[in-house]
Amino acid sequence: AAYLRCQLLLIKALQEKLWNVAAPLYVKQNALALAAARQIMEETYKMEFMYSNVEHQQVVIIHHMRLQAKALQLIVTVRTTRGVEPLGICEKFLQEVDCFQRCFISELPHMQGSFVDKLLDLMPRLVTSKPSEVVKILRVTLRQSNFLRLPLPEKIHRATATIIEPTGESDNPLRFTSGLVVAVDVDATLEHVQDPQSTVKVQIMYPDGQSQVIHPKPADFRNPGPGRHRLITQVYLSHTAWTEPCQIELRLLLAYSSDRTKASVGLSRSTWGDRTDLQPPSEGSIEGTLLFGKPVKVYIMPKPARR
């Protein structure tokens, strides 16, 4: 369902009638396309990292959908940016295409007619084109490419989290002295989470929009059975600006790393062109986080500090 939703978002964002508009209407069209691209990318990260038993073939197709979303982002960005910046953005995207080819070169024969298949044929032309020409090629290629079917593995499980404590239902506020620290006990069950000691984090959202991310200690995780973990920990809150009772939101996050995929697929040499300056984009070990499980709210009542 998530993959089909990505396809529908991309089709809607690429409708010809939405792009043949006057310049004053670009703002609305660009906003719609950017929102679609961001949603597609978020869905692809969920499909790749929130499910266990995802096989290599599925990872390739998910990355291909993400590459199409990045192409859509590039189209919108170049339409709205002038000067030197679009050239750098185009070069970065071409690096992504080259990285995709080298990571998944063994799968390319099974991707005929797809976006990346057509793009690789056009690569010698793309690397010498101006940003405006690159955008035209990408938009036409996106609209004329075949979507790849995503086969489902036999056994697939979605990572889930349930916060048991705090319940978020108590009307009794948690009292503490403003400017000092208060501890909140956290008890949660985790299902089908791979390597929770390094991927699960606790996030605190404060009423003023600030946030705090806590990485629990490995000893805070228990393993009561196959595919199940229990997180029992404490998080410490403090905020000097609190003067009135208010609610904080406690969330569980799942961190994902691009290095996990690279390590599993390996890299092969590029087969197109002789450009040696196009290297895979550098990425940190942690690329981002995904919210999983329902957040809970905790009622906090600060007391003024004694003088």
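**Figure 1. The whole protein and its secondary structure.** Nine helices and 12 strands make up the secondary structure here (both are DSSP runs numbered from the N terminus: H or I over at least four residues for helices, E over at least two for strands). This is a predicted model, where local features need pLDDT of at least 70 and side-chain atom pairs count only at pLDDT 80 or more, while totals for chains, interfaces and linings use all residues. Residues are numbered from 1 along each chain as its sequence is written, and side-chain values use heavy atoms, with hydrogens and water left out. Of the protein's 307 residues, 46% count as buried (under 20% relative accessible area; exposed is over 50%, and partly exposed is in between, using a 1.4 Å probe and protein chains only).

**Figure 2. Helices α4 and α5 side by side.** Two packed helices are described by the angle between their axes and the distance between the axes. For α4 (residues 56–80) and α5 (residues 85–103), that's an angle of about 170° and axes 11 Å apart (axes are lines fitted to C-alpha atoms over the stretch in contact, and angles run from 0 to 180 degrees between N-to-C directions). The two helices are therefore roughly antiparallel (angles over 145 degrees get that label; under 35 is roughly parallel, 65 to 115 roughly perpendicular and the rest oblique). Look for the residues making the contact, including V60, L67 and L74 of α4 and I89, F93 and F100 of α5 (contact means heavy atoms within 4.5 Å).

**Figure 3. Zooming in on H64.** Leaving out residues up to four places away in sequence, H64 touches F100, M111, S114, F115, V116 and L148.

Figure 4. Most residues other than glycine have a negative phi, and most peptide bonds are trans. N53 isn't a glycine, yet has a positive phi of about 65°; you'll find N53 in the loop between β1 (51–52) and α4. N53 counts as partly exposed, at 45% relative accessibility. H192 isn't a glycine either, and its phi is positive at about 60°. Look for H192 in the loop between β5 (182–191) and α8 (196–199), where H192 is partly exposed at 27% relative accessible area. Then there's the peptide bond from E165 to P166, which is cis, with omega near 0°. P166 belongs to the loop between β3 (160–165) and β4 (174–177).
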